[in-house]
Amino acid sequence: MFREHTAKNENRPETFGDSKTRWAFFLSRNTGLLLGLALIVLASGVIGFAFSRPGVFACYWRTEDCDFCYAVAALRFADGTMSSGFIEHPGYPLIQLMSWFYKILSRLRVLDGASYAVLAADPDPLLRIKAYVTAAWFLSALIYLAIVLLVYQFARLLAGSNVVGFAFAIIAAVSPSIWQFILIIRPESLSALFGFASMFFIFKAVRSSDYRAYFLFFLTSSIFLPLAILTKFDALPLLGIVPLALLIGKDVPASRLPPGGLRLALILLLAANLW
């Protein structure tokens with residue numbers, strides 16, 4: 001009879017306490033992911049607020065100096081004719097990224113032709129360029145979203161806390177110095193994204209436990225650093241900041257290098273970053 005009573009207890013559906021324990025376990029294991037999703041919702045709200053303000057799309061010419069120049073330069077890059085003219089604003093990586101974005105939207109039939117020839121042949125090019133400017137604004141919004149998520153990951157890495165990372169990401173999401181670039185085509189935000197990525201991966205390299213991950217993150221950081229500088233020269237101070245990360249921390253691959261190896265690694269890192 002005791003065995004029958006035990007079998008009945010085993011076949012009994014899980015209680016509220018068991019369900020609550022499972023939810024607590026799920027939340028504890030997926031806190032970082034859930035906070036990341038919450039940040040996407042928050043940043044999307046900021047983007048929606050920026051685009052919902054009165055007159056945003058009607059007055060698309062309010063920052064025509066940079067918006068029109070970058071839009072035209074991206075269309076000329078798509079046609080392969082950018083080298084035949086003068087580009088007033090710097091930031092070739094931004095121009096190339098906008099060109100690819102225009103081509104993707106054109107293939108998806110969101111834009112009617114990603115070509116400077118199409119723009120020049122239009123009887124009212126100043127009206128037609130509105131589509132290219134607003135499309136680039138949405139690209140700027142995606143860059144803003146990527147910056148917020150990268151700040152979250154970077155702060156998590158440095159502090160070892162999801163809550164601290166989430167707090168720093170919220171500060172970045174509502175910071176005027178970041179969200180102001182949602183509705184303007186400028187290279188500062190893309191350069192900041194590349195710069196954050198370079199610092200993030202060099203710190204990932206410093207905290208790696210094996211040589212393979214160390215050099216993989218090292219190489220990735222060395223790719224993002226020149227991209228940040230090519231996009232905007234204001235990122236030049238990173239040439240001195242990023243290599244210093246190798247001197248931070250103990251018991252990392254860099255600290256286990258043979259005598260003279262750390263100096264050689266720093267020289268190689270500087271050479272890679274200069275490239």
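This is a predicted model: local features need pLDDT of at least 70, side-chain atom pairs count only at pLDDT 80 or more; totals for chains, interfaces and linings use all residues.
**Salt bridges, a pocket and a cavity**

Student: Is Glu188 buried, partly exposed or exposed?
Tutor: Its relative accessible area is 22%. Buried would need under 20%, and exposed over 50%. Glu188 therefore counts as partly exposed.

Student: How many residues apart are Glu188 and Lys232?
Tutor: These two also form a salt bridge, with the closest N and O atoms 3.3 Å apart. Glu188 belongs to helix H10 (residues 188–206), while Lys232 sits in the loop between helix H11 (211–231) and helix H12 (238–244). The pair thus links distant parts of the chain, with a separation of 44 residues.

Student: Is Lys232 buried or exposed?
Tutor: The relative accessible area of Lys232 is 16%. The limit for buried is under 20%. Lys232 is therefore buried.

Student: Which residues do salt bridges with shared partners join into one network?
Tutor: One link is the salt bridge of Arg128 with Asp122, whose closest N and O atoms are 3.4 Å apart. Asp122 is partly exposed, at 21% relative accessible area. Through shared partners, the network joins Asp112, Asp122 and Arg128.

Student: How many salt bridges does the structure hold?
Tutor: Side chains of opposite charge can pair when their charged atoms come close. Among the pairs here are Glu188 with Lys232 and Arg128 with Asp122. The total for the structure is four.

Student: Which residues are closest to the centre of the largest pocket?
Tutor: The largest pocket has a volume of about 250 Å³. It is lined by 13 residues. By class, ten are nonpolar, two polar and one charged. Closest to the centre are Ile147, Val151, Ala172, Ile178 and Phe196.

Student: Which elements each supply at least two residues of the lining of the largest pocket?
Tutor: Look to the helices. Those that reach at least two residues are helix H7 (125–159), helix H8 (162–174), helix H9 (176–179) and H10.

Student: Which element gives the most to the lining of the largest cavity?
Tutor: The largest cavity has a volume of about 50 Å³. Its lining includes Leu94, Met98 and Arg186. Helix H5 (92–107) and H7 are the elements that give two or more residues. With four residues, the top contributor is H7.

Technical notes:
Residues are numbered from 1 along each chain as its sequence is written. Side-chain values use heavy atoms; hydrogens and water are left out. A salt bridge is a side-chain nitrogen of Lys or Arg within 4 Å of a carboxyl oxygen of Asp or Glu. Buried means under 20% relative accessible area, exposed over 50%, partly exposed in between (1.4 Å probe, protein chains only). On a 1 Å grid over the protein atoms alone, a cavity is a set of points where a 1.4 Å probe fits but cannot get out, and a pocket is an open set with protein on both sides within 12 Å along at least five of seven lines; lining residues have an atom within 4 Å of a point. Grid points are joined across faces, edges and corners, and a volume is the space filled by probe spheres set on the points. Ala, Val, Leu, Ile, Met, Phe, Trp, Tyr, Cys and Pro count as nonpolar, Asp, Glu, Lys and Arg as charged, and the others, Gly among them, as polar.
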